[in-house]
Amino acid sequence: SGDGLPCELTAEGEVPDDVFQKAMVKTVEDALERAGKIGFPIMVKASEGGGGKGIRKATNMEELKLAFTNVQTEVPGSPIFLMRMVSKARHLEIQILGDEYGNTLALNGR
């Protein structure tokens, strides 16, 4: 939902608030409008979700209405974004810990 927004990270390495706000999807109507530009299938994702909460797939406008409402309910108050779904992709997560001294450690399992 933030495709095409120019962004220069702040000195702290963060996305500026005005760009973040423009990329967020705040209403079902906004989601429907943006989905028309992004195309289907689409993922509705709460940035504060995790463990399967706050993420839903939609393959058409009717599913998108329900998916958006479900994501809002599952992770109340979280910013929500839309993204085009990549089918037949693999998902890999790793956990990396780091401290203020530059020490890092990759954890073996989850």
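Two strands are taken to pair if DSSP finds at least two bridges between them. The legends below apply this to a predicted model.

Figure 1. V44 stands opposite R56, a residue of β2. Strands β1 and β2 run antiparallel and are joined by five bridges.

**Figure 2. The three-stranded sheet.** The strands form an open sheet, ordered β2-β1-β3, with antiparallel pairing. At its edges are β2 (53-58) and β3, each of which pairs on one side only. Ignoring direction, neighbouring strands of the sheet are turned against each other by 20° on average. Helix α2 packs on this sheet, where it touches β1 and β3, and its direction makes about 20° with that of β3. Helix α3 lies across β1, β2 and β3 and runs at about 175° to β2.

**Figure 3. The packing of helices α2 and α3.** The axes of α2 and α3 are 10 Å apart, and the two helices pack at an angle of about 135°. Angles of 65 to 115 degrees count as roughly perpendicular and those over 145 as roughly antiparallel; α2 and α3 are therefore oblique to each other. The crossing in which α2 passes α3 is right-handed. On the α2 side, the residues that meet α3 are V28, A31, L32, A35 and G36; on the α3 side, they are M61, L64, K65, F68 and T69.

**Figure 4. The largest nonpolar core.** This core has 14 residues, and those with the most contacts inside it are A31, I42, V44, L64, F68 and L82. Two or more residues are given to the core by each of α2 (28-38), β1 (42-50), α3 (61-74) and β3 (80-84). Helix α3 supplies the largest share, four residues. In soluble globular proteins, nonpolar side chains tend to be buried together. Beyond its neighbours within four places in sequence, A31 is in contact with V25, L64, F68 and L82.

Figure 5. P41 is found in the loop between α2 and β1. Its relative accessible area is 21%; because buried means under 20% and exposed over 50%, P41 is classed as partly exposed. When residues up to four places away in sequence are not counted, P41 touches A58, T59, R84, M85 and S87. P41 and N60 are 19 residues apart along the chain, and their C-alpha atoms are separated by 7.2 Å.

Technical notes
Residues are numbered from 1 along each chain as its sequence is written. This is a predicted model: local features need pLDDT of at least 70, side-chain atom pairs count only at pLDDT 80 or more; totals for chains, interfaces and linings use all residues. Side-chain values use heavy atoms; hydrogens and water are left out. A nonpolar core is a set of buried Ala, Val, Leu, Ile, Met, Phe, Trp, Tyr and Cys residues joined through side-chain atoms within 4.5 Å. Buried means under 20% relative accessible area, exposed over 50%, partly exposed in between (1.4 Å probe, protein chains only). Contact means heavy atoms within 4.5 Å. Axes are lines fitted to C-alpha atoms, for helices over the stretch in contact, and angles run from 0 to 180 degrees between N-to-C directions. Angles under 35 degrees count as roughly parallel, over 145 as roughly antiparallel, 65 to 115 as roughly perpendicular and the rest as oblique. A crossing is left-handed if the near helix is turned anticlockwise from the far one by less than a right angle, and right-handed if clockwise.
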